[in-house]
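We'll start with the whole chain and then pick residues.

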Amino acid sequence: MLRFATDLKSKSEGVRNKAAKDLYTYVSTELREVSQEDLNTFLDDFNHHIFEMVSGDTNSKMGGILAIVALMNADVCNTGTRISRFGNYLRNNCLAQANSLDLSVIELATKAIARLTQVSGTYTANLKFDFIDHEVKKAFEWLSAPERNEGRRHAAVLVLREIAFCMPTFFFQNVQQFFDVIFHAIYDPKPQLRESAVNALRMALVVTSQRETS
């Protein structure tokens, strides 16, 4: 467990990615043979490492996010409690700090949120809806803010793009508000942010056209 945590915090992207892959393999193979109690003990203990990682520097945060995705992919964390905890880590320790984080962390966090929307099991539909609804409303709030905050704007457009892709039906219900605020980012002075905003707009138009022709 300590090796996983150490490697996930590495400054090397390759080491972090390999650690995440090894964690997935370990949980989805070797831990399949242990009792549910032992599995829960491992997950609870490792959760302390994840919290430490997402509370750390850029490399640690990225390792923590990779660990969250690895555990979700291994299909051992599909309970409301664990998924809510992961969602809160992504929200409070990553996206909420968007104005001071490296863009790579924000991008990885938004992709992890997208993966979270696809988790099945006892993670109820209402719980998923509440979490995503909160993130979408927060994104709209950040985009419509009168003062320019580059990190928050970028996080907002990345979140909305991922939600449009993963939950098109839900996104379509909010598409008018999306069109009302997205141009604040499209006209942003920073090219990279404008590009991300255009990608989000493109995905929204895909969702809209699919709904209109169905």
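Helices here are DSSP runs of H or I with at least four residues, strands are runs of E with at least two, and both are numbered from the N terminus. With that in hand, select serine 84: you'll find this residue in helix α5.

Before going on, some ground rules. This is a predicted model, where local features need pLDDT of at least 70 and side-chain atom pairs count only at pLDDT 80 or more, while totals for chains, interfaces and linings use all residues. Residues are numbered from 1 along each chain as its sequence is written, and side-chain values use heavy atoms, with hydrogens and water left out.

**Whole chain**

Zoom out and colour by secondary structure. How many helices and strands does the protein chain have? The tally is 11 helices and zero strands. The radius of gyration is 18 Å, close to the 17 Å from the globule rule for 214 residues, so the protein chain is as compact as a globular protein of that length. That radius is taken over C-alpha atoms, and the rule is 2.2 Å times the number of residues to the power 0.38. Along the principal axes, the C-alpha atoms fill a box of roughly 50 × 40 × 25 Å.

Now colour by burial: buried means under 20% relative accessible area, exposed over 50%, and partly exposed in between, with a 1.4 Å probe and protein chains only. Buried residues make up 49% of the 214 in the protein chain. Taking contact as heavy atoms within 4.5 Å, look at the contacts with a separation of 6 or more: residues 24 or more positions apart account for 66% of these.

**Aromatic stops**

Next, show the Phe, Tyr and Trp rings. Rings pair if their centres lie within 6.5 Å (for Trp, the six-membered ring is used); planes under 30 degrees apart count as stacked, over 60 as edge-to-face and the rest as tilted. The structure holds eight such pairs.

Select phenylalanine 51 and tyrosine 89. Their ring centres are 5.6 Å apart with the planes at 50°, so this pair is tilted. Phenylalanine 51 belongs to helix α3 (residues 36-54) and tyrosine 89 to helix α5 (residues 80-92), so the pair links distant parts of the chain, 38 residues apart. Phenylalanine 51 is partly exposed at 43% relative accessibility, whereas tyrosine 89 is buried at 9%.

Then jump to phenylalanine 171 and phenylalanine 178, an edge-to-face pair at 5.2 Å centre to centre and 65° between the planes. Phenylalanine 171 is buried at 1% relative accessible area, and phenylalanine 178 is buried at 0%.

**Two last residues**

Pick phenylalanine 140 in helix α7 (residues 125-144). Is phenylalanine 140 buried or exposed? Its relative accessibility is 3%, which counts as buried. Leaving aside neighbours within four places in sequence, what does phenylalanine 140 touch? Show Leu160, Asn174, Gln177, Phe178 and Val181, which are in contact with phenylalanine 140. For valine 181, the C-alpha to C-alpha distance from phenylalanine 140 is 6.7 Å, across 41 residues in sequence.

Finally, return to serine 84, partly exposed at 26% relative accessibility.
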